[in-house]
Amino acid sequence: MAREAPIFRFNHERSMLVAATVERVVSNTKDPLHALNDAAYWEIRRLDGARSASGQAELSEWRSLARRLARMSDVERRERLSSLATSYAEDIAGNFDPRVFRASTRILPSLVTGLLAPGALPRHLRDPRGLLSLDALADKVVIQGDTARLAKLAERGTLVFVPTHSSNMDSIVFGFALERSGLPPATYGAGKNLFTNPLLSFFMHNLGAYKVDRRLRFDLYKDCLKTYSCVLLERGYHSLFFPGGTRSRSGAVEAKLKLGLAGTGIESYVRSLRAGAERKVFFVPATINYLITLEAETLIEDYLSEAGKARYIIEDDESTRLSRVVAFVRKLFTMRGSVVIRFGEPLDPFGNSVARDGRSLDRRGRAVETASFVRDVAGEVSLDADRDAQYTRELADSLVRGYRANTLVNSTNLVAVACFDHLRKQASRDDLFTVLRLRDQKISRDELAREVLARRDVLRELERRGEVVLSEQIRESSGGDVLAQAMSAFSGYHSAPVIEAHEDGVALRDPKLLYYYQNRLIRHGMGFDVEARGGSPCSASGGAR
């Protein structure tokens, strides 16, 4: 049960978790001078030109440290290293308040329902039981996958949920999915910029979220972050992180993953073996599939712009504007299955599939002893950076395959593929920015419906082979019905129409958003795949705008 999950003892153990993180980071740092110099260099570079009083004070402190480092003794350097590591670990470490958890699971669903679907609120007020359940969200946030199997694995080891990442809504809807499925709540990393929103910050700060400050690029901070994650796993805290690192700007499902936190799965497993108390770690790939995406307009603009290459943190998108969030969630609540979360096949830290009883299985379905993977030539369990990095790369490959197999095709994605392919046929050159300049092109409704149907039939074959999943709304629908579903979903949220009915058929109004939504299927060989052509929007189109 969720109430018995390890996270409920978090506040009691928090100081110990921080202390363990600091002790390990300091002891594993072989060269304090190099670590401090690296931190000082990156922080001076980040803070140079700071205008606020606090920023200037911080810059002055780092410059002073940089000047003194060469004259400091090794003991002084280690003391300074320990002080910084403590500061970072304290800032990273989260908090979990069971009272807030109970309030969020009993009351928040109804508040969300009132915000998203005000007409449903009187019914809940007439039936107070509705105020204490997630039933109002049942047909809006749909959960698929063998959650009973995951619940069994949670009793045998530590779960690490690793979903795709499209929106700042992801943590919220994934938390609903865990609660709805009877799975244990998890700690999770959230960008520190998200804590500036007072409401989001309150819930994240009290529901196990730990802060990830993506502005800090030096090794000491990264070591604190990874070590904290490892310590949590060793102590049985189920975790959630997004291995893509940040939201997908293009709308495509992640194909390249950041491996830092994923590698903590092997390290925590090795340390448990060396302590004589094996604790298995199970990675759970999952996809979060939206009919429409809250921040689609900002994300695709960022992806297509040169400036976007350097903007790892977006602080001015739709998720920061209350009116846009309200419009988005109300739109979602007019549509059945507007968010679908699919849990994939669980994996061990080496990329092997996992049976219901927790045994790891090779590709032929034979049980394997995972402890043998981490023994050295002398038969001793050990940490080996090169070996473990290769294992983590193999895990990443397995996760990407899991994402591909569990990508859900929505009507918005399928129709966007057909529309963007039509634009490509009309373009004078088959490069991205030439196509994106073609606004307000027309296509007959019957022709577009046929194109949609042809692509749906291709996807049906992929689904038969277990390589993708079609939404219930499009699996058996006619091409015209799929088109109607997509037009209904697109209408009324984005600041300008994506496609809309016209006397000549269908007008293709916003090529950029069509491109964003079609990108969801490029891993399945559909749509205009810029990455396959050159790796970036500009290189794929010769820089033309």
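This is a predicted model: local features need pLDDT of at least 70, side-chain atom pairs count only at pLDDT 80 or more; totals for chains, interfaces and linings use all residues.
Local features need pLDDT of at least 70 and side-chain atom pairs count only at pLDDT 80 or more, while totals for chains, interfaces and linings use all residues. Residues are numbered from 1 along each chain as its sequence is written, and side-chain values use heavy atoms, leaving out hydrogens and water.

**Aromatic pairs**

- The structure holds 20 aromatic pairs (ring centres of Phe, Tyr or the six-membered ring of Trp within 6.5 Å; planes under 30 degrees apart are stacked, over 60 edge-to-face, the rest tilted).
- Phe 10 and Tyr 237 form an edge-to-face pair, because their ring centres are 6.0 Å apart and their planes stand at 90°.
- Phe 10 is buried at 2% relative accessible area (buried means under 20%, exposed over 50%, partly exposed in between, with a 1.4 Å probe and protein chains only).
- Tyr 237 is also buried, at 0%.
- Phe 161 and Phe 174 are paired edge-to-face, with 5.8 Å from centre to centre and 65° between the planes.
- Both Phe 161 and Phe 174 are buried.
- Trp 62, Tyr 88, Phe 218 and Tyr 221 are linked by ring pairs into a cluster.

**Asp 510**

- Asp 510 is buried but has no salt bridge (a side-chain nitrogen of Lys or Arg within 4 Å of a carboxyl oxygen of Asp or Glu).
- The side chain of Asp 510 reaches the backbone nitrogen of Lys 512 at 3.1 Å.

Terms used. Lys and Arg count as positive and Asp and Glu as negative; His and the chain ends are not counted. A polar contact is a pair of N or O atoms within 3.5 Å; within protein, one must be able to donate a hydrogen and the other to accept it, and residues adjacent in sequence count only if both atoms are side-chain atoms.
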